Amino acid sequence: MKKYIKNISKIMIIGLLMVTGWSCSDFLEETDKSNFTLENYFTRPEHATSVVNTIYAGLSPIMSSGFGGGPWMMIEFSTGLADTELGQAQNSLFVRSLINNSDNGYGQTYWTTYYRGIANANLAIEKIPEIEMDQAAKNRLLGEARFLRAYYYYHLVRIFGQIPLITSVIDLTSPEMYPEPSTVDAVYNQIVEDLTIAETLGLPFKEVTGRVSMGAVKSMLSSVYMTMAGYPLQKGSEYYQLAANKANEVIQSGQFSLFESYSGLNTVELKNQVEHIFMIQYAAFILPNTVQQAILPYNRGISAYNAETGGIFANRDFIATFEEGDKRVQEKQFFYTEYTTRTNRNESMPLGDYYLWKFFDEEAQLSTTSSGMNFPVYRYAEVLLTYAEAINEASGPTAEAYQAVNLIRRRAELPDLSGLSKDEFRDAVLKERWHELCYENKTWFDMVRLRQALNLETNEFEPYVGHQFSYGPTVTARELLFPIPTAEIRNNTKLTQNTGY
């Protein structure tokens, strides 16, 4: 962290210049274009937009994928539900085998990237109010900055536990140069504060450009409240009700709906629309989605991409837990088990495993080798499932809870749920979460907040600690968190390594 903080001003200004939308004539109007500082930069509305754009820039590096795997896979391999053919991706294998350590580069990428995003958010929240510009536009940018800071902290606190909480701009003279870790409760309180302030700042409820919307704010707040209701804070029924309330505000807005078919999930033209509430943004040939290479079988020749990494695919034992007739496991719905090859596009070849179709950009795979497909962060299906789970915990299985979960089941061509006890309804909704949101970086977070895992042999839930993955390793208490990266412990002696690492 020390090295990053020392260079924050330089990095931030470079980022501003890269993402700002100035024309050449606008740039030439600057009186001293070679000497930008934090003190003299924030003078124009364009500067407010550009600093917020740098906050968004922290979303995509986590999804970067190649022959070294990808940081996002860390969350998936921690569930025991993912497999890989990529032998050189040691960081993935360490996590999958539950022998992870603090030198894992995935964890370092999360820490560095998200604290960079937080630093830029702090800068935006502090400096944008000083700029003379349209008040509504200013408020919207501040709302986006608040949401994104909350997003980064929400991930960091769940991944690493007690972390530094920094909400102001810092430099080499700041007391926060070597910050103390904050309590988990304090970090969550800041997340809630940022999101509740963002709710007041005039964001549009729906935003097809991919920028933050009110729907995204309320969707994340419902998720945050539900996590706070569970472990580690265990705030219980009151917070389940808060989660249900926020999810219901999204539902009652009428702004979002489920795609009629699963093909909507990987149709590039439908990104940021219909079911998609908030996504990590990509643009072909400009900022392409490299997840495409990770979801291909290893060097099988089915794609126009040269890099077919076999980085991640579904554990076959997990596929067996889907109900009979579930449309999601039919070919080219959520998964694919066969495909044509470059040498013969007229005949499909069996691939032997269940690869991830829900993220598959067919045009990029067959011809362009550059994908503009976004990656989902919050979609309406999750909001429905959050509402169903949360209202059941607060009030039991109401008619509205059944309606929410049954919308998910009807699309999967499964019969409606009915007549269940509170405990039975809970398990049914959780299985829908495990199946509907699989491989979207959701399931491990659910496992930890619930302290529950799905036994793939019995198809029943059991305690997460002590749960044995179907391929052998057994979860211990240390897997409730990831290790704080070695470099951060060395740079800041006030940090304490998580137990077991």
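Biologist: At roughly what angle do the axes of helix α12 and helix α16 cross?

Modeller: Keep in mind that this is a predicted model. To read a crossing, picture a line fitted through each helix and follow both from N to C. Here the axes of α12 (residues 237–253) and α16 (residues 380–395) cross at roughly 145° and come within 8 Å.

Biologist: Is the crossing of α12 and α16 left-handed or right-handed?

Modeller: The two helices make a left-handed crossing.

Biologist: Which residues in α12 meet α16?

Modeller: From α12, they are Ser237, Tyr240, Gln241, Ala243, Ala244, Ala247, Asn248, Val250 and Ile251. Their partners in α16 include Tyr380, Leu384, Tyr387 and Ile391. Sorted by class, this contact has 13 nonpolar, five polar and two charged residues.

Biologist: Let's turn to Tyr402 in helix α17. Is Tyr402 buried or exposed, and why?

Modeller: The idea is to compare relative accessibility with a cut-off: buried means under 20%. Tyr402 has 13% relative accessibility, so Tyr402 counts as buried. This residue sits in α17, which spans residues 399–411.

Biologist: Leaving out residues up to four places away in sequence, which ones does Tyr402 touch?

Modeller: Tyr402 touches Pro397, Leu417, Ser418, Gly419, Leu420 and Phe425.

Biologist: Which backbone nitrogen does the side chain of Tyr402 reach at 2.8 Å?

Modeller: That one belongs to Leu420.

Note on methods. Residues are numbered from 1 along each chain as its sequence is written. This is a predicted model: local features need pLDDT of at least 70, side-chain atom pairs count only at pLDDT 80 or more; totals for chains, interfaces and linings use all residues. Side-chain values use heavy atoms; hydrogens and water are left out. Axes are lines fitted to C-alpha atoms, for helices over the stretch in contact, and angles run from 0 to 180 degrees between N-to-C directions. Helices (H or I, at least four residues) and strands (E, at least two) are DSSP runs, numbered from the N terminus. A crossing is left-handed if the near helix is turned anticlockwise from the far one by less than a right angle, and right-handed if clockwise. Contact means heavy atoms within 4.5 Å. Ala, Val, Leu, Ile, Met, Phe, Trp, Tyr, Cys and Pro count as nonpolar, Asp, Glu, Lys and Arg as charged, and the others, Gly among them, as polar. Buried means under 20% relative accessible area, exposed over 50%, partly exposed in between (1.4 Å probe, protein chains only). A polar contact is a pair of N or O atoms within 3.5 Å; within protein, one must be able to donate a hydrogen and the other to accept it, and residues adjacent in sequence count only if both atoms are side-chain atoms.
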